[in-house]
Amino acid sequence: MAVFKVKFTKTKRHKLAQILWILNWISVATGVILFSLGLFLKIEIKKRSEVMAKGEINSVPNMLISVGVIACIINFLGGKICYDCSDTTKFSRWRLVMLPYIVCTFCFTFCILVGALTCYTMRNELEESLYLGLRDAIKFYKDTDIPGRCFLKKTIDLLQIGFQCCGNNGFRDWFEIQWISVRYLNMASKEVLDRLKSNVDGKFLVDGVPFSCCNPNSPRPCIQYHLTNNTAHYNYDFLMEELNIWMKGCRQALLDYYTDIMRSIGLTVLIIWLFEISVLTAVRYLQTAMKNVLLLGDPECESDGWLLENSFVETAKYNFSIIKNLGKANQISTVSEMNDPNMDVQTANYGPENVQSKSIPTAS
């Protein structure tokens with residue numbers, strides 16, 4: 001028994017074909033949207049690639065870009081097919097193409113769904129990439145005179161100012177690394193030498209942060225050095241007073257920023273997927289209705305359209321039996337090749353050198 005069977009008159013078939021022609025052109029526009037979203041996300045990731053570790057972080061934008069291009073091609077072809085389906089004589093040339101087209105489009109819409117879900121599941125990969133990238137970038141903050149790293153100071157400062165953040169996990173990350181270059185340290189100063197000697201690795205560590213960590217909204221002038229020393233500042237208590245530097249870590253700030261983008265993109269892609277599924281369902285109805293018109297042989301008659309010719313269970317069994325028979329056919333062909341009597345038969349070599357010469361009879 002057919003699933004979701006609907007009767008179509010000639011007028012209904014004609015109107016459905018026209019509506020689907022318009023919807024396929026709208027689908028071409030959705031393909032452009034998918035491509036644009038993927039390109040936008042790729043550019044946003046590229047902007048901060050210096051503070052991200054290399055990984056599979058670009059897989060989502062690349063997938064959206066590819067799906068967008070394929071959507072434009074498939075829906076452009078679908079528009080042409082649906083336009084010709086308004087005429088029975090023109091439909092006959094697409095009769096054998098429509099079912100493979102529907103199957104390919106279904107697989108394509110599944111890729112759109114995967115892309116939408118991936119937008120919501122890439123948070124962990126993004127967080128790990130940001131953690132490793134920011135850790136290395138902060139470590140090389142002081143290397144302003146080393147090629148390949150000289151840009152990192154500017155990158156981190158602009159990042160901390162723009163996203164109102166400080167450090168990787170927080171401002172204390174700056175306490176654990178030497179972020180002041182040796183060229184700006186007075187090596188004749190006893191305080192500097194004592195601090196270098198006090199560290200096992202010989203690093204100049206201070207309880208201070210770069211200027212870009214300062215919060216301009218604070219009424220007090222920025223305290224960026226001796227943050228944990230209460231006696232170094234007047235009327236100051238490190239534990240009790242709210243510091244006038246950014247408290248949020250840059251990893252969390254960037255993670256929140258990209259998560260909001262990914263959720264918005266994921267929701268948009270999910271809506272596009274629902275739209276594509278609706279169009280594909282209507283195309284299936286049109287294909288089955290036009291196919292039955294050709295079987296009946298009367299272009300003016302009513303015809304049935306359906307999603308599945310048989311029930312879900314029967315369709316699943318039928319497809320499973322096809323796959324099973326294909327496997328058996330494979331095995332049979334292999335066995336027949338092994339038992340082929342014509343295989344590995346030695347043939348006589350009748351080259352010119354192996355042909356025996358005939359004796360010429362002598363006259364008696």
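Analyst: Helices (H or I, at least four residues) and strands (E, at least two) are DSSP runs, numbered from the N terminus. Read along the sequence, the pattern here is β-α-α-α-α-α-α-α-α-β-α, with nine helices and two strands. This is a predicted model, in which local features need pLDDT of at least 70 and side-chain atom pairs count only at pLDDT 80 or more, while totals for chains, interfaces and linings use all residues. Residues are numbered from 1 along each chain as its sequence is written, and side-chain values use heavy atoms, with hydrogens and water left out.

User: What percentage of the residues in the protein is buried?

Analyst: Buried means under 20% relative accessible area, exposed over 50%, and partly exposed in between (1.4 Å probe, protein chains only). Of the 364 residues in the protein, 38% are buried.

User: How is a nonpolar core read, and which residues touch the most other members of the largest one?

Analyst: In soluble globular proteins, nonpolar side chains tend to be buried together. A nonpolar core is a set of buried Ala, Val, Leu, Ile, Met, Phe, Trp, Tyr and Cys residues joined through side-chain atoms within 4.5 Å. The largest such core here has 78 residues, and W174 and V209 touch the most other members. Helix 8 provides the largest share of this core, 18 residues. Contact means heavy atoms within 4.5 Å; leaving aside neighbours within four places in sequence, the contacts of W174 include I138, Y141, W179, V209 and C213.

User: How should I read salt bridges, and how many are counted?

Analyst: Side chains of opposite charge can pair when their charged atoms come close. A salt bridge is a side-chain nitrogen of Lys or Arg within 4 Å of a carboxyl oxygen of Asp or Glu. By this rule the protein has 14 salt bridges. In one of them, R149 pairs with D143, with the closest N and O atoms 3.1 Å apart. D143 is buried, at 8% relative accessible area, whereas R149 is partly exposed, at 31%.

User: Where in the chain do D145 and R183 lie?

Analyst: These two side chains, D145 and R183, meet in a salt bridge (3.8 Å, N to O). The pair links distant parts of the chain, 38 residues apart: D145 is in the loop between helix 5 and helix 6, and R183 is in the loop between helix 6 and helix 7. D145 counts as partly exposed because its relative accessible area is 46%, and R183 counts as exposed because its value is 53%.
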